[in-house]
Amino acid sequence: MERTEKNSSAMSSAESLAVIEAMINKAKNQFSENGHLYLLWGWVVFFCSLIHYLGLRFIKMVEFQYVWLLMLPAVLYTIVYLVKQKKQQKVTTYTDEVLGAIWMAFGVTICISGFVIGQTMGTEFYKLLNPIYLGIYGVPTFVSGMLLKFRPLKAGAFFCWGMAVLATFIPVQEHLLLIALAMAVAWIVPGYRLKQRYVKQS
Amino acid sequence: MFKDLDPILHTPLRLAVVSLLISVKEAEFTFIREKTNATAGNLSVQMNKLKDAGYIEVVKQFRDNYPQTICKITPEGIKAFEIYVQNLQSYLNAGN
């Protein structure tokens, strides 16, 4: 690649193709996903749903629902992390751009569906909230799995969808356990695997 | 009748830069240097030629007080690359 213009004219068609192929492969194998946010959100949602479930089931206190306020510092941390990461990023791929958009759309959908379910179901919102959320969790997880060609995420998405269907057959009180389980399979395990792959690359 | 290969693209380093940029949205100069194994001086000269031809866009900016050079391919660059590959294919097909 360090050849000067003088000898560059000697480049044959096969050499040109080899250069194109090598460069496209180098760009293609550029994984900027280190799994950090999958792990953060996986553990935060896992922890909140489990604490909420245990509080309701064994201590019988509804106040345990306030554990979900932990999402606020997680949102702030995510914003700071993404801004910092954008500054450090040496390359932006089209995959990065689409992934950013799908996760942003996911965040908006989660907020809007929470609002709509709360408005339409009133005090009985909890009957529908978790099954719908499980279904929504599967969407960005599946698209990310497809774009990153990463099977654990695709499997995680199907697991979320399976949990959403299962939620309609089991008592509402157990829904929080399904959320915790879905987080472990769809975000925590793939998060560690992505981290492993990222460390291997660098 | 064979068409001439675009002389702007028909050099290893310039072709490598365009092939890399066609696969990503944008990239920093240091990333391109890392992937092409070129020296900063040589890469800079070749990138200027691509820029003068209108094939790439180079934006120099400051990030946290450090200079940063962001490069991206232009629509003209994409078109030129597509034509280059088509012409290359006709050469290769003729050879078979």
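## Chain B and its elements

Read along the sequence, chain B of this predicted model follows the pattern α-β-α-α-β-β-α. Four helices and three strands make up that list. Along its principal axes, the C-alpha trace of chain B spans about 55 × 25 × 20 Å.

The strands of chain B belong to an open sheet of four strands, to which chain A contributes β1(A). The order is β1(A)-β1(B)-β3(B)-β2(B), and the pairing is antiparallel. At the edges stand β1 of chain A and β2 (56-63) of chain B; each has a single partner strand, so one side of each is left without a neighbour in the sheet. From one strand to the next, the twist averages 20°.

The link between the chains within this sheet is the pairing of β1(A) with strand β1 (residues 24-28) of chain B, which is antiparallel and extends over three bridges. Here A:Thr93 stands opposite B:Val24 in β1(B).

## Pairing within chain B

Two bridges join β1(B) to strand β3 (residues 66-73), and the two strands run antiparallel. B:Ala27 stands opposite B:Cys71 in β3(B), while the bridge partner of B:Glu28 is B:Ile70.

Eight bridges join β2(B) to β3(B), again in the antiparallel sense. One of the facing pairs is B:Ile56 and B:Ile73, the latter in β3(B). The two strands form a hairpin with two residues between them. In the turn, B:Asp64 has a positive phi of about 50°.

## The contact between the chains

In total, 23 residues of chain A are in contact with 27 residues of chain B. On the side of chain A that touches chain B, at least two residues each are supplied by α1 (5-8), α2 (13-28), β1 (91-93) and α5 (94-121). The largest share, ten residues, comes from α2(A). By class, this side of chain A has ten nonpolar, five polar and eight charged residues.

## Helix against helix

Two packed helices are described by the angle between their axes and the distance between the axes. For α2(A) and helix α1 (residues 12-23) of chain B, the axes come within 8 Å and cross at roughly 35°. The crossing of these two helices is right-handed.

From α2(A), the contact is made by A:Ser16, A:Val19, A:Ile20, A:Met23, A:Ile24, A:Lys26, A:Ala27 and A:Lys28. From α1(B), the residues that make the contact are B:Pro12, B:Leu15, B:Ala16, B:Ser19, B:Leu20 and B:Ser23. By class, the contact of α2(A) with α1(B) has nine nonpolar, three polar and two charged residues.

## A bent helix in chain A

Helix α8 (residues 175-201) of chain A has 27 residues. From its first C-alpha to its last, α8(A) reaches 38 Å, close to the 39 Å expected at 1.5 Å a residue. At A:Ala184, α8(A) bends by about 35°.

Notes
Residues numbered from 1 in each chain as written. Chains lettered and ligands numbered in written order. Predicted model: local features only at pLDDT ≥ 70, side-chain atom pairs only at ≥ 80, totals over all residues. Contact = placed C-beta atoms within 7 Å. Nonpolar A, V, L, I, M, F, W, Y, C, P; charged D, E, K, R; others polar. Pairing = 2+ DSSP bridges. Axes fitted to C-alpha atoms, helices over the stretch in contact; angles between N-to-C directions. Left-handed = near helix turned anticlockwise from the far one by under 90°. Expected span 1.5 Å × (residues − 1). Bend = angle between axes of the 7 residues up to and from the residue.
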